[in-house]
Amino acid sequence: MRNVVLGAVSALVMAAGAAVAQDYPTREIQGIIQWGAGGSTDTVMRSVTPHAEDALGGTVVMQNMTGAVGAIALNYVADADADGYTLLMGAENPMLYKVMGLGDRDYGDFIPINILARGTPILVTRPDAPFSDYAGMMAYIAENPGEVRFGSTGPGGLPSVVTAMMQTVEGELDVTFVPYDGDGPALTALQGGAIDVMPAVLGASIEGIRAGAMVPLAIFDTEASPFLPDTPIAPELNEGYATYLPWGPFFGVFVANGTPEEAVTALTEAYAAAVENQDFLDLMENRGFTVMNISGDEAQDFLSSWQSTTAWLLQDAGLAVNDPEGLGIPRPGE
Amino acid sequence: MQTPEDHDAHEGTSDATPGGLPGERRPGEAVFAAILAVASIVLLWNAYGIAGFSALSSPGAIPMATTAVMAVTAVIVLVKTLRLPRTADETVSRDILPPVVIVMALMLVAYGILLRPLGFIPTSALFLVAAIKILSNRSWGFTLAVSLGSLVLIWLIFRIVFTVLMPAGIVPEAEFVQMLRDIVQGGSE
Amino acid sequence: MDAFMSFLTVFTQPELLLLVGLGTFAGVYVGAIPGLSVTMAVSILISFTFSWDVYPAISLMIGIYMGGVYGGSRTAILLNIPGAPSAIATAMDGYPMAKRGEAGEAIGTTTVMSFFGGFIGIIVLALAAPLVSDFALRFQPRDYMLLAVLGILLVGSLSTGSLVKGIFAGAFGIALGAVGMDPLTFTPRFTFDLQILRPGISFIAVMIGMFGVSEALLQLHHVNAPAIRQQINRIVPSWGTVRKHLPLSLQTSTIGVIIGALPGTGGDIAALMAYDHAKRVTKNPEREFGDGAIEGLVAPETANNAAVGGAFIPMMTLGIPGDAVTAIMIGALFIHGLNPGPMLMIDRPDMFWFITGALVMANVFMLIFGLTGIKLFTKIVEMPRAVLIPLIMLLSIVGAYAVNNSITDVYWMLGFGVFGYFMRLYGFPLGPVILGVILSRLLDDNWRRAIISEREDLSRFFHGIFTSPLSLVLFLAVVFIFVSQTPIGGWLKRAIFGRAKP
């Protein structure tokens with residue numbers, strides 16, 4: 001009994017002491033996840049944040065706030081007080097809001113705390129498709145215009161960017177695009193034969209490939225994947241791809257512009273340490289993500305170069321709603 | 001003399017026993033049917049505006065089909081309703097919108113307006129105390145005990161267990177919760 | 001043999017047993033409160049169980065899942081407010097029973113039948129998972145579309161009053177589901193250029209408003225009426241009752257497993273389809289449907305719990321979630337270092353058998369917790385309405401907010417509460433509205449996928465239907481139900497046979 005009382009008293013003293021010694025965080029922090037429960041952004045954020053909490057000595061309460069391709073969450077965090085107590089946990093989509101006419105804010109209104117990791121796009125087909133490699137697919141598409149069904153996930157999604165890349169490099173593809181809500185449902189449809197080819201993230205398809213339920217055609221990266229050493233990388237198939245790669249969807253933690261320096265530093269250090277945690281590194285590797293762990297200027301540069309590559313790819317493929325030129329997004333290499 | 005049971009029969013307490021009077025028109029029913037019909041036609045026009053008749057697979061195809069069904073059925077309902085004789089033994093203020101319903105509806109609107117600036121806890125406390133007092137007419141002690149007791153319970157479940165961040169408003173909720181957490185964690189070490 | 005040992009893991013480790021029990025108990029309450037969903041609970045558990053081992057973490061989640069699916073029936077029966085979408089059908093016959101003071105019997109039957117359905121789901125999962133998942137994968141967009149059409153035809157059996165009003169309500173629901181930015185093309189639909197409409201209208205907010213707030217407003221009409229005393233001496237249904245409904249519950253459980261196993265459809269659609277099925281096959285119910293027919297409880301409750309086992313089938317065999325909850329569990333498995341996918345069954349068969357074992361245990365706990373503590377629950381309805389009504393309203397508000405942390409959802413919820421109130425007063429059924437919202441995306445998205453895949457060619461589309469056995473069966477079912485339910489059916493009969501039977 002005495003121990004309990006002592007514990008409680010010392011806890012109170014410690015809590016009071018902690019409040020004096022440190023000014024951030026003094027209360028719990030809200031983490032707003034842009035995507036729904038069970039999605040890859042959700043999984044990544046929920047697995048990295050507990051490590052960051054340890055480093056930070058505070059609590060981050062995570063909430064899923066979905067809708068409008070993540071714009072609801074982005075606006076919520078942007079409109080909240082910039083005091084470091086509201087974090088945005090998001091994916092790459094906001095960098096395309098302006099181009100796709102989905103909103104007039106993007107990560108430019110935020111300070112990147114950490115860009116955690118990047119995914120690798122891969123092109124997969126089903127085992128009973130009439131082709132089994134990239135060249136075979138291109139030939140089949142040329143011979144059977146409109147026959148091949150590509151899965152897509154709406155304008156601005158990864159499949160639309162990858163197909164924009166393919167159309168830029170290989171010329172117009174005469175295929176039918178069948179829209180799905182995300183790469184999960186589309187890969188399911190691929191296994192059921194409802195579509196023939198799907199550009200997806202490596203992590204989402206790796207288990208299907210291992211089981212022989214999907215066949216990899218090409219990896220859109222500059223280096224071969226340790227998971228699939230035999231699958232050709234896109235620049236080997238057509239040099240034109242080298243201009244745009246490496247490219248991939250990413251996950252990051254952000255705070256609104258104007259957040260006090262102290263909070264930004266504390267959060268940056270906490271998340272940098274969290275990403276280095278072995279459990280998290282293993283998880284990322286298993287899911288086929290490339291860990292980046294960058295922050296500050298490096299992260300800003302990454303974001304702007306990602307935006308310019310992607311925006312112009314979409315513009316050149318005729319998918320952009322607003323001209324990147326008019327939005328002040330420079331053409332890559334300019 | 002109507003017993004409460006009789007009342008239920010045409011009040012729509014369940015889909016299986018829908019409201020409305022067979023063969024008669026309730027007060028306000030024609031107005032409601034007319035509003036639905038007009039709204040359906042507006043929606044149909046709006047659905048046509050999504051993509052017109054551009055393609056079978058256009059995003060406007062299903063909305064147009066459904067709003068067309070809405071418009072047709074709403075007009076049928078309106079015509080049928082207008083043909084019915086108006087019931088003699090019901091009035092708007094007794095059977096459709098009794099004062100107590102209007103008062104509670106207004107309190108809900110007030111709740112919605114106050115929720116963000118005032119915060120969840122004060123708004124809910126005001127709402128519960130006022131509503132229970134008005135409806136039950138019991139002593140203040142009873143009213144306060146029941147409403148504040150259940151509010152604490154709801155707050156604990158939603159805020160602490162399910163970490164739902166209701167608007168904090170004027171209450172320094174986050175600091176308080178962090179303090180609770182520190183105590184719990186410190187104590188368990 | 002090793003695999004079988006994993007099946008027994010949960011029974012032999014008291015810690016796991018306790019966690020499953022705890023989860024199931026919590027699940028019953030989570031499910032009962034509108035706005036608290038199993039999906040929410042399980043995603044919070046991901047962070048909570050982060051540092052645990054995989055077995056305890058999964059045990060807790062499975063308990064919550066099983067208990068939560070069942071718990072939705074509680075408030076549906078007692079308050080006419082379904083705690084979860086999958087309990088909408090349960091309210092239709094459960095609430096009339098509670099109004100007669102037979103809540104105890106209704107809850108007892110519901111519990112035993114949920115247990116039965118849950119069990120069938122688990123058996124199918126254990127014995128035929130690969131078979132069922134192969135079958136589920138075969139569903140093409142056009143099949144999903146036909147399934148949605150089949151679902152929409154349920155409007156006929158959900159609207160007991162005026163069919164025209166029911167059809168209006170169903171179409172209204174489908175239109176509601178389309179509001180906002182179309183997720184496939186980003187085209188704004190029914191947004192009237194308003195920012196607030198762009199994200200669409202939360203379906204849970206609509207449901208809570210229409211069933212919760214409108215019910216509370218209606219009850220205000222006789223706020224001073226005495227509460228109904230509930231007799232709770234007859235809780236466990238007699239063996240005779242169970243045996244009598246055995247054939248029906250087998251059929252509805254089958255519906256539950258299959259709908260549950262299909263990615264993209266879950267317990268909510270399964271329960272409504274099962275209710276419709278029961279209404280169709282039950283020739284002489286003791287009480288009319290809608291007036292407290294036992295069959296009206298048996299069907300949806302067996303189906304939605306059978307759908308739990310069903311949802312695990314594609315998850316365990318293919319790594320494809322059968323519903324939102326299994327989607328989060330796949331994430332949880334990832335976090336705990338497993339790789340859910342088609343290889344999981346081969347790499348880690350122990351995981352499959354462990355989950356099956358935990359499901360069995362959760363199902364047993366559900367039966368135990370379901371049959372005990374009913375007294376406490378029925379006290380809720382015996383509370384004075386002057387206290388109950390404000391509490392229902394507050395819970396509806398918090399619940400609507402909790403779904404997506406959005407005040408806008410609270411406004412929608414209140415708006416639909418008032419609208420639902422008038423709909424009820426004037427004889428419009430509410431079930432079809434919710435049915436329409438649930439099915440809206442299934443119908444719309446898959447129609448577009450199907451017709452895009454056939455390159456906008458209707459003749460190719462119908463060719464596809466008539467050459468695939470699965471599509472053909474679904475198509476014939478649609479035609480059959482349509483003809484048998486609408487005046488066209490009678491008209492055709494007269495035209496063909498010359499004279500209608502009386």
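Predicted model: local features only at pLDDT ≥ 70, side-chain atom pairs only at ≥ 80, totals over all residues.

Me: How much area do chain B and chain C bury between them?
Reply: About 6500 Å², with 77% of that on carbon and sulfur atoms. The accessible area lost when parts come together is often used to give the size of an interface.

Me: And how many salt bridges between chain B and chain C?
Reply: One. The side chains of Glu29(B) and Lys165(C) form a salt bridge, at 3.5 Å from N to O.

Me: What percentage of chain B is buried?
Reply: Of the 189 residues in chain B, 47% are buried. The accessible surface of chain B is about 9300 Å², and carbon and sulfur atoms account for 73% of that.

Me: What about contacts inside chain B, how far apart in sequence are the partners?
Reply: Take the contacts between residues at least 6 apart in sequence: 53% of these join residues at least 24 apart.

Me: New topic, chain A. How many residues are in its contact with chain C?
Reply: 40 residues from chain A and 37 residues from chain C. The two chains bury about 3500 Å² between them, 59% of it on carbon and sulfur atoms.

Me: Which residues of chain A lose the most area there?
Reply: Arg46(A), Pro179(A) and Glu207(A), which together make up 15% of what the chain A side buries.

Me: How many salt bridges across that interface?
Reply: Two are found between chain A and chain C. One of them pairs the side chains of Arg455(C) and Glu147(A), at 2.6 Å from N to O. Five residue pairs of chain A and chain C, both at pLDDT 80 or more, are in polar contact.

Me: Which element of chain A gives the most residues to the side touching chain C?
Reply: α2(A), with five residues.

Me: Last one. How is chain C divided?
Reply: Into domain 1 (2-137 + 203-403) and domain 2 (461-502). The centres of these two domains of chain C, taken over C-alpha atoms, are separated by 34 Å.

Key
Residues numbered from 1 in each chain as written. Chains lettered and ligands numbered in written order. Heavy atoms only, no water. Domains from an automatic or database assignment. Buried < 20%, exposed > 50% of the residue type's maximum accessible area, 1.4 Å probe, protein only. Contact = heavy atoms within 4.5 Å. Areas by Shrake-Rupley, 256 points an atom, 1.4 Å probe, with all protein chains shown as cover. Buried area = accessible area lost by both parts, 1.4 Å probe. Salt bridge = Lys/Arg side-chain N within 4 Å of Asp/Glu carboxyl O. Polar contact = N/O pair within 3.5 Å; in protein donor to acceptor, adjacent residues only side chain to side chain. Helix = DSSP H or I, 4+ residues; strand = E, 2+ residues; numbered from the N terminus.
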